[in-house]
Amino acid sequence: MTEIGVGAVEPTDTKPATSTSANAGADTVAIDFDRVGVAYGRGKKVTHALIDFNLRVRPGETVALLGPSGSGKSTALNALAGFVRPTSGRVYLDGREVTDLPPAKRGIGVVLQSYALFPHMRVSENVAFGLRSHRVSRSEIGPRVAEALDMVGMSSFGKRLPRELSGGQQQRVAIARALAIRPKVLLLDEPLAALDAQLRQSMLAELQQLKEALPDTAMLYVTHDQSEALALADRIVVMDNARLMDVDTAENLWKRPPTSFTAAFLGGANLIPCTVGRVIGTSALVQVANKTVNAEAPQPAVGKIDWAPGSAALLCIRPHALQIVSLGNPDALRAKVNAAVWRGSTTRVVLSVNGLPDQLIDVDAPGHAAFEVGSEIGVRFPEPAGVLVQVKQ
Amino acid sequence: MTAVLERPAPAADAPRRASAPRIRQVLWTVPPLLVVLVVAVYPLIRVCLESAKLRSGGLGLGTWTSVLGSQAFRSALWRTVAIAVTSTVGCLILGTFLAIILAFVPFPGSAIVGRLIDTILSLPSFLITLAFTFLYGTAGAVNALISSISGSTSPALNFLYTPAGVIAAEITFFTPFVIRPLLAAFAVLPRAQLDVAASLGASPLRVLRSVIMPEAWPALMAGGSLVLLLTLNEFGIVLFTGAKGVITLPVLIYTRGIVTFDLPGAAVIATVQIVLSLVLYIAYRMIFARVTAGGSREE
């Protein structure tokens, strides 16, 4: 069934598989963006919404496009779905070029933030819409609708109208509708953004279960919420200013952010200017705020970063890794409290550290800690202090 | 006990305080009510009373039975309804087609076309007929062009003074009344719904049929009801075509009331026209209320 709508159209072009392995399933590429660009307007009024975007997603893999508003993540998704036409580059699905194919011929499941349920159709009719469009036989539609609704726990809501459902229920129906056509690629554009915090958490858990239940479906998940990306994605693509900034596994990006933008956007890390000292392997001594501390000097999988002694770098330290200690502690750096905001499980303390002019440091202290603004406290770097990030050229 | 005794005092004040604004409200409604009664209701009542007058001078149903039983009335009623329904169907088909193109098939100058449609709404209906006469009349531009090409001396187009001419003019004039509410309905249709429908494999025609039109249906019905109401009462277009064979109820009222001075007979036909219009207006309001209620539910 997955081939319906897709298989009916002859591919306009095909791209060779990335590997000659006999086990094609493991090496085929479900989604392939090949230097895709999207621009609006003409001449001097041209706006580039996506620039030179390259990405490959394997079947069964979940990739999150993470970035601030206007970074181009939704444009990338729209280019893949066929909602916007790339001005440059090519888009492939399962090795078949789909750049010029209309959305109806791509066979992609799409779930949007606004749910986009058809308000005049009942839940079951909404879910059956794609099946009817693909001319699935009437006898098959009923079981397929029931299966899709069951997958999202909405079996008993088939006869309701969308307006009779809550936001979370509507989003479940939207997911069921997208899954009913059994797509090989599922696109989710900020699917949880319209839900309240509690519902978002429960839906996030359900999406994780759904991901397990669809081992062959490639998912592209657009979000500006890093917690969603970290929870769901096998790999995260960090985007900014219409460009792909970094792409790696969630763990790698979190632990060793390749760029200062990723370090700041993913987890809001402190980026403290420092001077690189002696480097041994991936370990370095760095000079920061008149102290010498240990730091990790990571090397990328491809290429090499030259952490030359005496060069400037940024020391990336997560707020929760820093410790607030008494001024008497021998490792303490003297700091002044600029602000303290209780966030439930932690208190975010903003500090001005002696020796780091024009630099505010965020520290997450556990619990509801009371800090007087203007008071002096000690702050201690962890061991190793953090990860080095190259200064943006 | 004291407290119990003291309670009635404020309680007695309360109704006085509440009644003062109520009286003011009633007083405020009197002037507009009087205006409506004098300007609208009284003439209608006079028309109804006039219809009950007999030629002999008394009151009775004689005029009603003679008018309603006449072939001229039945023919005019049938023609009025036939022209109104045909024009409305034509407006709905043409209006839907044009609205879909304007809303979903962007082309250079679509904004200008939209504004032109708005302009037609502000013109008097007889101007359309006048324009039709210049274009399609026996001595109109189109016939002159055909004659110059074919060399024929008799006009090739001769439909303007027939019911078809009236219907063509009414469709031209009243189609914007269908387009405008449809464009408004299309404008609030979320783009995401169309995108998702397309991604689910629906062809543009299926998206139109299954997603767009069901949601625009109330607006289409409201526009259609309004056009039916207006075409039923249309006088200027029918009069200006000067079609001899096209006698509608408004033209019959004019003929009886102004040309032959048969005021009771004209009043009977006018009363029938009023009833027809009121029934259609109520239907229009009900559909409009449904549209509004549907919109607020979605919010």
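A: Start with Phe33(A), which sits in strand S1 of chain A, residues 31–40. The model is a predicted one. Phe33(A) counts as buried because 23 C-beta neighbours lie inside 10 Å, and 20 or more is the cut-off. Set aside the neighbours within four places in sequence. Phe33(A) then touches Phe53(A), Asn54(A), Leu55(A), Ala76(A), Gly89(A) and Val91(A). Leu149(A) is 116 residues away from Phe33(A) in sequence, and the two C-alpha atoms are 32 Å apart.

Besides being a contact of Phe33(A), Val91(A) is its bridge partner in S4(A). Strand S4 of chain A covers residues 88–93, runs antiparallel to S1(A), and is joined to S1(A) by five bridges.

Follow S4(A) onward. S4(A) also pairs with strand S5 of chain A, residues 96–97, in the antiparallel sense and over two bridges. Here Leu93(A) stands opposite Arg96(A). The hairpin of S4(A) and S5(A) has two residues between its strands. Asp94(A) takes a positive phi in this hairpin, near 55°.

A second sheet in chain A is worth a look. This open sheet has five strands in the order S15-S19-S16-S17-S18, with antiparallel pairing. Its edges are S15(A), residues 323–325, and S18(A), residues 360–366, each of which pairs on one side only. On average, neighbouring strands of the sheet are turned by 50° against each other, direction ignored. Val325(A) has Gly378(A) as its bridge partner in S19(A).

Now cross to chain B. The contact between the chains takes 18 residues from chain B and 20 residues from chain A. On the chain B side, the elements that give two or more residues are H10(B), 191–199, H11(B), 204–232, and H14(B), 263–298. H10(B) gives the largest share, seven residues. By class, this side of chain B has nine nonpolar, four polar and five charged residues.

H11(B) also packs within its own chain. H9(B) and H11(B) meet at an angle of about 165°, with axes 8 Å apart. That angle is over 145°, so H9(B) is roughly antiparallel to H11(B). Their crossing is right-handed. From H9(B), the contact includes Phe177(B), Val178(B), Leu182(B) and Phe186(B). From H11(B), it includes Ala216(B), Leu220(B), Leu226(B), Val227(B) and Leu230(B). The residues of this contact divide into 14 nonpolar, two polar and one charged.

H9(B), residues 176–187, has another helix partner in H5(B), residues 110–122. Their axes are 9 Å apart, and the angle is about 130°. H5(B) and H9(B) are therefore oblique to each other. H5(B) passes H9(B) in a left-handed crossing. Ile117(B), Ile120(B) and Leu121(B) in H5(B) meet Pro176(B), Ile179(B) and Arg180(B) in H9(B). By class, that contact has five nonpolar, no polar and one charged residues.

Methods. Residues are numbered from 1 along each chain as its sequence is written. Chains are lettered from A and ligands numbered from 1 in the order in which they are written. This is a predicted model: local features need pLDDT of at least 70, side-chain atom pairs count only at pLDDT 80 or more; totals for chains, interfaces and linings use all residues. Helices (H or I, at least four residues) and strands (E, at least two) are DSSP runs, numbered from the N terminus. A residue is buried if 20 or more other C-beta atoms lie within 10 Å of its own, exposed if 12 or fewer, and partly exposed in between; C-beta atoms are placed from the backbone. Two residues are in contact if their C-beta atoms, placed from the backbone, lie within 7 Å. Two strands pair if DSSP finds at least two bridges between them. Axes are lines fitted to C-alpha atoms, for helices over the stretch in contact, and angles run from 0 to 180 degrees between N-to-C directions. Angles under 35 degrees count as roughly parallel, over 145 as roughly antiparallel, 65 to 115 as roughly perpendicular and the rest as oblique. A crossing is left-handed if the near helix is turned anticlockwise from the far one by less than a right angle, and right-handed if clockwise. Ala, Val, Leu, Ile, Met, Phe, Trp, Tyr, Cys and Pro count as nonpolar, Asp, Glu, Lys and Arg as charged, and the others, Gly among them, as polar.
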